[in-house]
Amino acid sequence: MKKDIHPDYKPVVFYDTSSEFKFLTKSTMNSSETIEWEDGNTYPLVKVEVSSASHPFYTGKKLFVDTAGRVEKFNRRYKK
């Protein structure tokens with residue numbers, strides 16, 4: 001492996017803003033924000049909008065999408 005070409009692989013806390021779920025893992029992502037974790041150490045904090053705690057596939061909750069409104073809008077716009 002070549003030296004000095006790979007990003008730094010370090011512990012990072014990911015924070016799901018929609019469900020307020022936090023988890024510690026290793027990543028190459030950087031962040032200017034930090035957070036003190038349960039073990040007393042300070043780690044970079046990366047905010048995400050979706051994680052396994054809030055994604056409909058993992059939670060089993062279906063997301064309601066207004067498809068009828070979209071179809072009607074399409075028909076109005078492109079009606080001949």
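Is Phe14 buried or exposed? In this predicted model, Phe14 is buried, because its relative accessible area of 11% falls under the 20% cut-off.

## Sheet

The model contains an open sheet of 4 strands in the order β2-β1-β4-β3, and the pairing is mixed. β2 and β3 (34-36) are the edge strands; each has a single partner strand, so one side of each lacks a neighbour in the sheet. From one strand to the next, the twist averages 45 degrees.

## Strand pairs

Strand β1 (residues 10-16) and strand β2 (residues 21-27) run antiparallel and are joined by 7 bridges. Within this pair, Val12 lies opposite Thr25 of β2. The hairpin of β1 and β2 has 4 residues between the strands, and Glu20 there adopts a positive phi near 55 degrees.

β3 and strand β4 (residues 42-48) are also antiparallel, with 3 bridges between them. Here Ile35 has Tyr43 in β4 as its bridge partner.

## Aromatic pairs

The count of aromatic pairs is 3. One of them is Phe14 with Phe23, a stacked pair at 5.6 Å centre to centre with 20 degrees between the planes. Whereas Phe14 is buried, Phe23 is partly exposed, with a relative accessible area of 28%. Ring pairs join Phe14, Phe21 and Phe23 in a cluster.

Another pair, Phe74 with Tyr78, is tilted, at 5.0 Å centre to centre and 45 degrees between the planes. Both residues belong to helix α2 (residues 67-78), where Phe74 and Tyr78 are 4 residues apart, about one turn of the helix. Phe74 and Tyr78 are both exposed.

Notes: Residues are numbered from 1 along each chain as its sequence is written. This is a predicted model: local features need pLDDT of at least 70, side-chain atom pairs count only at pLDDT 80 or more; totals for chains, interfaces and linings use all residues. Side-chain values use heavy atoms; hydrogens and water are left out. Two strands pair if DSSP finds at least two bridges between them. Helices (H or I, at least four residues) and strands (E, at least two) are DSSP runs, numbered from the N terminus. Axes are lines fitted to C-alpha atoms, for helices over the stretch in contact, and angles run from 0 to 180 degrees between N-to-C directions. Rings of Phe, Tyr and Trp (its six-membered ring) pair if their centres lie within 6.5 Å; planes under 30 degrees apart count as stacked, over 60 as edge-to-face and the rest as tilted. Buried means under 20% relative accessible area, exposed over 50%, partly exposed in between (1.4 Å probe, protein chains only).
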